Amino acid sequence: MRDASSSARWGVVLMVASYVVASSAINKPKHILAVIIDDLGFDDLGFRNQGQISTPNFNSLAHKGILLNNYYVQPSCSPTRATIMTGRKPIHTGINFWIPNSAYGLPLNETTLAQVLNARGFRSHAIGKWHLGFHKTAYTPTFRGFDSFYGYYEGSEDYFKHTTSGGLDLHHEEGQHCGHNCTTLLWSKQGVYSTTLYSDRAVDVISRHDASTPMFMYLAYQGVHEPRQSPQRYIDPYRLTIPDVGRREFAGMVSALDEGLGNVTAALHAKGMFDETLILVTTDNGGPTTECSTTGQSNWPYRGSKCSIWEGGTRGTAFMYWSGLPTASQGSTWMGLAHAADWLPTLVTAVGSEMRRGETLPLDGVDLWHSLLRLGSSPRTDVYYGISQDIFGPAVRDAEGNKLILGGGGGGKGQWSPQQLPGSLPEAVMLSSAPRQQRHEDALLFRLSDDEGERHNLTLAAHSKIVLHLSELIARYEATSVPQLQGDPSCPPFAPRQSTQGSWIGPWCDESEELVALV
């Protein structure tokens, strides 16, 4: 039989335990804002280029959040977007390249991040770029878990006209499964700059959201993908500080994004949701410095461009912010390995849940949440890069920074971006006159811990154990690979749709459809 003092001690223990459990249940973000910047280079935000480009809103969140210094994405847009959505790499989704106007998309047996969060009580909204397939309505956002979509299906378009491939591609879809009898074409928004349009939409969604319900917002900006377009008011402040005209116009595009982010976070504050929102910012690939739609980016200090598996094409800018981060992790730089595939399981843990058996196909992503909060080591031990747009590779790196590239090289021209500084006139921002990289007969081996710019190819024979280990990693990934997706042969060739107001872009392979609302 316990004495009184023993009972009192147990009571205190139970009270403390209850407090810890209650605190852990409360101390988690309720909402998620995922900001995807299209084609952002590693050296393109102000906190990286010593303020050459003014990005006070991005800087503020990064300086108060956690910057991921060894974060990887895929070489181009659709592969990374599919990876973020599914927690699975291109080798398993079959999306190794950006999706052209072909009859395929993110496979329908894949479970998306929106669907995973919806199962936990979230309302999910997609804004901006989709680029995960639209040949059939079933592949469009509101059929993949989103409660609304406001944006475009394709990979790029005019920032003001919102046209591409011969038609208008700007859709507003409210409610899940909003198809042909529901989607609205936004003809009236022609002339409005897309960054402004999508920021305003985000503000509107936040203002109308019931803050008691968890919200997931996937804000996938068009900027800073080509074409290089910006209202002049964003370019003018750089007239005296950025001599290169292309970089100056690009800076205007980035400034517009920063203003938009500021407006969105202000809306979260006004709604009383800011302190409960986990904000993550990520690029979808490295900046296109020498190929794949250049607009003025820089990947300094890394080698290579978007569409390559050099570090410049795959080492991405990413950070996350939440007011509830532990004090020790606020304003920190985390050095652990991370990949875009890791967001799905990490976000599930962040909101106080866990992955359920069988709710998705087998994940490639790993849960980083507690490692990030504690600034601990990463549970990720390697990164598989896949292949470049011009089919160089594959490649892999380990946690120690040893990187092996097979297939003759990293793809593209394999050049280095010049460092961007305020008032500087670099050799060139886009080195388009340089010769294309030649294939090497042997594999390439780099030690990124000593050679982050991949300038010194190590001798394979002198590092045979490392080469063997990395080769075995590649073989392990390749053993479970699926073929690259191909177009559905039963679908007719892509063509713009026709309406009384003009040509538009939308699904072209549905068996039946109803009229689209036209406004």
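The model is predicted: local features need pLDDT of at least 70, side-chain atom pairs count only at pLDDT 80 or more, and totals for chains, interfaces and linings use all residues. Residues are numbered from 1 along each chain as its sequence is written, and side-chain values use heavy atoms, with hydrogens and water left out.

Let's start with the helices. Two packed helices are described by the angle between their axes and the distance between the axes. Here, helices (H or I, at least four residues) and strands (E, at least two) are DSSP runs, numbered from the N terminus. Axes are lines fitted to C-alpha atoms, for helices over the stretch in contact, and angles run from 0 to 180 degrees between N-to-C directions.

Find helix H8 (residues 245-270) and helix H6 (residues 194-208): their axes come within 9 Å and cross at roughly 5 degrees. H6 and H8 are therefore roughly parallel to each other (angles under 35 degrees count as roughly parallel, over 145 as roughly antiparallel, 65 to 115 as roughly perpendicular and the rest as oblique). On the H6 side, the contact (heavy atoms within 4.5 Å) includes Ser199, Ala202 and Val203, while H8 brings residues including Gly260, Asn263 and Val264. By class, this contact has 8 nonpolar, 4 polar and no charged residues. For these classes, Ala, Val, Leu, Ile, Met, Phe, Trp, Tyr, Cys and Pro count as nonpolar, Asp, Glu, Lys and Arg as charged, and the others, Gly among them, as polar.

H8 also packs with helix H2 (residues 56-64), at an angle of about 60 degrees and with the axes 7 Å apart. H2 and H8 are therefore oblique to each other. Pro56, Asn57, Phe58 and Leu61 of H2 make this contact, with Asp258 and Glu259 among their partners in H8.

Now for a sheet. Strands of a sheet pair through backbone hydrogen bonds, either parallel or antiparallel. Look for an open sheet of 4 strands in the order S13-S14-S15-S16, with antiparallel pairing (two strands pair if DSSP finds at least two bridges between them). Its edges are strand S13 (382-386) and strand S16 (444-447), each pairing on one side only. On average, neighbouring strands of this sheet are turned by 15 degrees against each other, direction ignored. Strand S15 (residues 402-405) pairs with S16 over 4 bridges, and asparagine 402 has arginine 447 of S16 as its bridge partner.

The largest pocket holds about 250 Å³ of space. It is lined by 22 residues, and Trp98, Ile99, His131, Gly155 and Ser156 are the closest to its centre. The whole structure has 4 cavities of 30 Å³ or more, and the largest cavity holds about 70 Å³. Tyr153, Gly179, His180, Thr183 and Pro507 lie nearest the centre of that cavity.

Most residues other than glycine have a negative phi, and most peptide bonds are trans. Histidine 131, not a glycine, has a positive phi of about 55 degrees, and sits in the loop between strand S3 (123-129) and strand S4 (148-152). A cis peptide bond joins tryptophan 300 and proline 301, and another joins glycine 393 and proline 394.

Note on methods
1 Å grid on protein atoms, 1.4 Å probe; cavity = no way out; pocket = protein on both sides within 12 Å on 5 of 7 lines; lining within 4 Å. Points joined across faces, edges and corners; volume = space filled by probe spheres on them.
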